[in-house]
Amino acid sequence: MKIGIIIEREYLTRVKKRSFLIITFLAPLFFAALMFLPAILMTNSEKFENKKVIAVCDESTLFNGKLENTDINTFIYIDKSIDEAKQLVKDGVYDGVLYIPGTKLTVPTNAELYSIKQQPMTLTSHIRSSMKQIVEHQKLMSSGIDPAIVKASATTINVQQIKMSEKEGGEQKSFSEFEFFLGLFLALIIYFVIFIFGNQVMRGVIEEKTNRIIEVIVSSVKPFELMMGKIIGIALVGLTQFLLWGVLTLAITGIASTFLPTQDVFSGGTVMSEQIAETGVNTTDPDTLTEVFEIIHSINFKDILWCFLLYFIGGYFLYSAMFAAIGAAVDNETDTQQFVTPISLLLVIPMVCSSIIATAPDSSFALWMSMIPFTSPVGMMLRIPFGVPIWQVVLSVALLFATFIVFTWLASKVYRTGILMYGKKVSWKEIFKWIKY
Amino acid sequence: MNYLEINNVSKSYGTKKVLNDISIKVPKQSIYGLLGPNGAGKTTLIRILNQITMPDSGQVLLDGNPLSPNDIAQIGYLPEERGLYKKMKVGEQAIYLAQLKGMDRKEADKRLRQWFVKFGIANWWDKKVEELSKGMQQKVQFIVTVIHEPKLLIFDEPFSGFDPINVNLLKNEILELRDKGSTILFSTHNMSSVEELCDNIMLINKGEKILEGSVYDIKQRFKNHSYDVVYKPFDGSGETRFTANSTNPNELIRDIIDKGELVSFNEILPSMNEIFINLVSSSNK
């Protein structure tokens with residue numbers, strides 16, 4: 001089969017490229033870093049910092065001896081003017097000086113931290129919370145309220161959203177924030193890979209046309225075989241890249257987690273720590289951890305993965321067939337814009353509307369977006385983490401694949417005429433004429 | 001026996017008639033010149049032979065049978081506008097193109113290496129195409145065209161981009177291929193190479209066949225009975241050369257030998273170049 005030879009060449013020349021190797025191996029490091037960094041920074045931040053001695057120059061005298069010392073931050077109260085204290089920092093005696101100006105009538109609410117080096121956020125936030133506690137305590141005391149009562153009356157309310165399903169016992173806790181971000185993440189990935197790999201198809205076609213190798217090749221194989229060989233070959237490059245990314249990311253996170261002391265935190269929970277950090281949940285909180293596990297267990301990653309692959313293949317084939325036709329129609333890359341822009345818009349629409357779709361995944365707008373073949377790869381990815389009825393997925397995938405077959409056929413007609421046409425500024429009208437040939 | 005026969009082939013693009021009722025017969029193991037000005041329809045005809053485009057009407061017979069997709073392996077085509085993948089290694093690429101012509105990978109590798117040695121380019125095997133000069137790339141392309149030992153070879157302007165030494169090398173290769181059994185279709189504007197290589201030619205203009213035949217017959221047909229005469233007059237005034245027109249060369253010679261001693265007497269045949277220009281410009285009127 002000649003198409004096999006073409007697929008082989010398209011695949012091997014791309015996989016052997018240095019840029020492919022670099023992206024394949026760097027991206028998992030990046031992904032792993034995305035997963036680990038927030039957790040590492042939150043749990044281990046102190047390990048990355050040097051011990052510090054901060055002089056406290058407290059004119060209000062309210063905080064004397066009350067600021068909490070931590071493992072790395074030690075507060076020393078000095079009875080000197082702020083100018084003298086600053087001089088001591090300059091001389092290197094202290095790492096910094098915290099200046100709390102005195103106020104006559106009210107309790108102080110401002111403080112200044114002087115240091116030569118930029119101090120980490122953790123230090124300022126520690127100072128802030130310590131001071132806040134002390135001031136609040138002071139205020140309560142002066143109003144005659146026992147701070148212990150206030151502490152005891154503090155309550156946290158959790159509102160748990162439970163998704164109901166017709167099936168018996170199919171109730172699940174739902175975590176819409178997490179699903180929102182997962183959907184957005186998947187949609188972004190599918191959006192980018194369709195564009196990146198579709199663009200590769202287009203550039204490949206233009207390369208063959210401008211190289212003039214096309215005439216030799218079409219005397220050996222049918223243009224349709226060449227076009228499909230290229231599209232399939234590049235699709236396999238994409239799938240290889242996903243596979244390697246998956247394996248490498250798992251390997252890197254696996255290796256990294258054995259080297260990190262806070263193993264229990266990483267043994268699964270941190271996979272999503274990035275999203276959790278975004279949603280503002282503190283990873284170190286044990287309650288949140290169990291919640292993270294619940295979230296992960298509530299999501300059917302296997303189904304999502306399958307959907308992702310199906311929509312990647314369908315969407316990629318649909319768009320890359322169109323990109324191949326564009327590549328064949330033009331003489332060089334600069335002429336592609338007038339054709340690429342309107343086609344790209346079809347895929348950009350659901351991306352622009354992503355927050356509308358993801359916040360109301362069951363709305364009729366979201367349904368349409370996930371049904372129309374041009375928008376469905378992105379549209380469905382936004383909805384899929386929330387759970388989509390199986391008939392909708394089947395219908396949408398069927399529509400997508402039917403459309404890609406029709407469009408591949410149309411594109412091949414444009415392609416066949418276009419690849420041997422030189423020196424002609426092609427318009428949309430011309431392209432429709434070619435389809436009719 | 002004719003290896004290739006084109007019978008009444010017509011092709012239109014939209015309302016434009018590109019080929020109008022073209023018929024040619026190419027004898028086996030001959031070199032057939034396909035001549036015509038730019039836009040005459042040569043490329044379309046060649047693309048029909050390569051099954052890149054289909055004729056609207058008419059038939060192409062290869063070795064007596066209608067052209068079919070299986071014949072691709074029997075045809076080698078060197079297009080006028082030719083190129084290679086710039087980033088691919090020369091050897092790898094040649095194997096790929098040979099495979100597309102239906103060759104087995106190992107066999108392609110073996111034969112290609114022999115050809116590379118023959119053309120003195122064996123050390124380019126692992127170089128990238130973009131590192132080669134244009135002339136070097138042309139050599140690779142020629143090898144790729146003939147590697148699967150096709151029975152029909154189509155060369156479209158094969159000598160463009162070659163220096164005289166390589167033109168000579170190529171001419172000899174083409175003649176050798178013919179002697180080994182290939183039938184060759186040769187499209188060019190270079191009339192001197194037509195006279196040197198072609199057994200038969202066809203001249204087309206605006207999709208119409210305006211001339212066909214063997215190079216010898218055509219020259220005979222277009223001769224205008226002029227002779228190049230050199231003689232030594234008896235009066236002792238050195239050698240004289242003149243051109244004479246006469247339908248009766250014997251009478252002409254008789255006249256001359258009365259006046260002096262005949263040194264040489266040659267018929268002036270028109271060059272293919274002249275015939276080409278005359279015919280095309282008169283058919284354009």
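Residues are numbered from 1 along each chain as its sequence is written, and chains are lettered from A and ligands numbered from 1 in the order in which they are written. Because the model is predicted, local features need pLDDT of at least 70 and side-chain atom pairs count only at pLDDT 80 or more, whereas totals for chains, interfaces and linings use all residues.

The secondary structure of chain A comes to 18 helices and 6 strands (DSSP runs numbered from the N terminus, helices being H or I of at least four residues and strands E of at least two). Of the 437 residues in chain A, 33% are buried (20 or more other C-beta atoms within 10 Å of the residue's own; a residue is exposed if 12 or fewer lie there and partly exposed in between, with C-beta atoms placed from the backbone). Among the contacts in chain A with a separation of 6 or more, 71% are between residues 24 or more positions apart (two residues are in contact if their C-beta atoms, placed from the backbone, lie within 7 Å).

Two packed helices are described by the angle between their axes and the distance between the axes. In chain A, helix α12 (residues 301–329) packs with helix α13 (residues 337–352) at an angle of about 170°, and the axes are 10 Å apart (axes are lines fitted to C-alpha atoms, for helices over the stretch in contact, and angles run from 0 to 180 degrees between N-to-C directions). The angle therefore makes α12(A) roughly antiparallel to α13(A) (angles over 145 degrees count as roughly antiparallel, under 35 as roughly parallel, 65 to 115 as roughly perpendicular and the rest as oblique). The contact brings Y319(A), M322(A), I326(A) and A329(A) of α12(A) against F339(A), V340(A), I343(A) and L347(A) of α13(A). Its residues divide into 8 nonpolar, no polar and no charged (Ala, Val, Leu, Ile, Met, Phe, Trp, Tyr, Cys and Pro count as nonpolar, Asp, Glu, Lys and Arg as charged, and the others, Gly among them, as polar).

Chain B is divided into domain 1 (2–219) and domain 2 (224–268), with bounds from an automatic or database domain assignment. The C-alpha centres of these two domains of chain B lie 45 Å apart.

An open sheet of 6 strands in chain B has the order β6-β7-β8-β3-β9-β10, with mixed pairing (two strands pair if DSSP finds at least two bridges between them). Strands β6 (75–78) and β10 (208–214) of chain B form the edges, each pairing on one side only. From one strand to the next, the twist averages 15°. Within this sheet, β3 (residues 31–35) and β8 (residues 183–187) of chain B pair in the parallel sense over 4 bridges; G33(B) stands opposite F186(B) in β8(B), and the bridge partner of L34(B) is S187(B). Strands β7(B) and β8(B) also run parallel, joined by 5 bridges, and L152(B) has T183(B) as its bridge partner in β8(B). All 5 of the 5 residues of β8(B) are buried, with T183(B), L185(B) and S187(B) on one side and I184(B) and F186(B) on the other.

Helix α4 (residues 134–146) of chain B lies across β6 and β7 (152–156) of chain B and runs at about 165° to β6(B). Helix α9 (residues 272–284) of chain B lies across β3, β9 (200–205) and β10 of chain B, at about 30° to β9(B).

Helix α1 (residues 42–49) of chain B is mostly covered, with 8 of its 8 residues buried. Among them are K42(B), R47(B) and L49(B). L45(B) lies in this helix, α1 of chain B, and counts as buried because it has 28 C-beta neighbours inside 10 Å. Not counting residues up to four places away in sequence, L45(B) touches L19(B), I22(B) and L34(B). The C-alpha atoms of L45(B) and E157(B), 112 residues apart along the chain, are separated by 15 Å. Just after α1(B), Q51(B) takes a positive phi of about 60°.
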